[in-house]
Amino acid sequence: MKIVIAGGFGAGKTTFVGAVSEIVPLTTEAVMTAVAERVDDVRGVPGKQTTTVAMDFGRVTLDSDLVLYLFGTPGQTRFWFMWDDLCRGAIGAVVLVDTRRLADSFSAVDYFEDFGLPYVIGVNCFDGKLVHEVSDIREALSVPQDVPVVTLDARDRESVKAALIRLVQQSVSFRTKVGAPVGTGIS
Amino acid sequence: MGSEGEASPFVRPYAVTGGRTQSHSQLAMEALVTVTARGWNVMHTLVPEYEKVCRLCSEFKSVAEIAALLKMPLGVTGVIVGDLAESGLVSVQQPDDPDSQPDLALLERVLIGLRNL
């Protein structure tokens, strides 16, 4: 099982993962080969370009046979092609928002809306105080009314847990509402 | 191991996998891998990268963890795990259809697990 943690650079993704992970968050590197003009040029490999995408992740054992992985999205928008792999089969996503840089989260919101992945907005209150009202943030990000906007402290385990629980609840209601097939392998 | 050429013990992970970075079976990065009894018994005969994966998975690890801990790219790790699984040396636990979204019963278990943390 996995949950995707998205957000702009410095929004607190690694801190969020570290707050609940039973392991020190690990970094894995996926080497991507893509026919993309925007990735770095690799000399001597005509027609192919490779780039390395790093992502942090943590692990939470929920039961003897049930493990939840939290994957941070590679921050740079040019690595979005990686997100499809991350999101496939995921429970949903937490979009971490730094209220000082709201615009950094627009792209993640758009992406999950397009992908049809349940998500919640997690407003990371770095110093314990909320700079903007939740309703203002919702409006600024133009997220639909049925998408929860929660405030949290990414350093605090209970706060992170609560956000994850909210996301799973959202995922349950999303599935029920959409009428997606219940049970694996039917879709 | 794989049908695409035997590798010497002295080559880097890409060469070990015969240049493959995609597994035959679609392995999710969160798929859980455990060495089988047979894998444990024969792992000393394997190419080092394959042996390391078997050794690491004496307790289950996700594909992503294996990649991170052995400092191998995700794609190559998937190929190695896929090869080992095809030979019955590791078992892989993941949804039948990795593309499908988790079902409601599973989500309920996740909710309970999170609340009990």
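Predicted model: local features only at pLDDT ≥ 70, side-chain atom pairs only at ≥ 80, totals over all residues.
**Entry 1, interface.** I looked up the contacts between the two chains and found that 30 residues of chain B are in contact with 33 residues of chain A. On the chain A side, the elements giving two or more residues are β2 (26–34), β3 (49–63), β4 (66–72) and α5 (157–178). I recorded α5(A) as the element that gives the most, with eight residues. By class, I find 18 nonpolar, nine polar and six charged residues on this side of chain A.

**Entry 2, sheet of chain B.** I then turned to an open sheet of three strands in chain B, with the order β2-β1-β3 and antiparallel pairing. I noted that β2 (61–62) and β3 (90–93) of chain B each have a single partner strand and stand at the edges, so one side of each has no neighbour in the sheet.

I examined the largest nonpolar core, which has 81 residues. The members that touch the most others are I3(A), I5(A), A93(A), V94(A), V95(A), C54(B) and V81(B). I recorded α5(B) as giving the most to this core, with seven residues. Leaving aside neighbours within four places in sequence, I listed the contacts of V94(A): I3(A), I5(A), Y119(A), V120(A), G122(A), A163(A) and L167(A).

Conventions:
Residues numbered from 1 in each chain as written. Chains lettered and ligands numbered in written order. Contact = placed C-beta atoms within 7 Å. Helix = DSSP H or I, 4+ residues; strand = E, 2+ residues; numbered from the N terminus. Nonpolar A, V, L, I, M, F, W, Y, C, P; charged D, E, K, R; others polar. Pairing = 2+ DSSP bridges. Core = buried A, V, L, I, M, F, W, Y, C linked by C-beta atoms within 7 Å. Buried ≥ 20, exposed ≤ 12 C-beta atoms within 10 Å, placed from the backbone.
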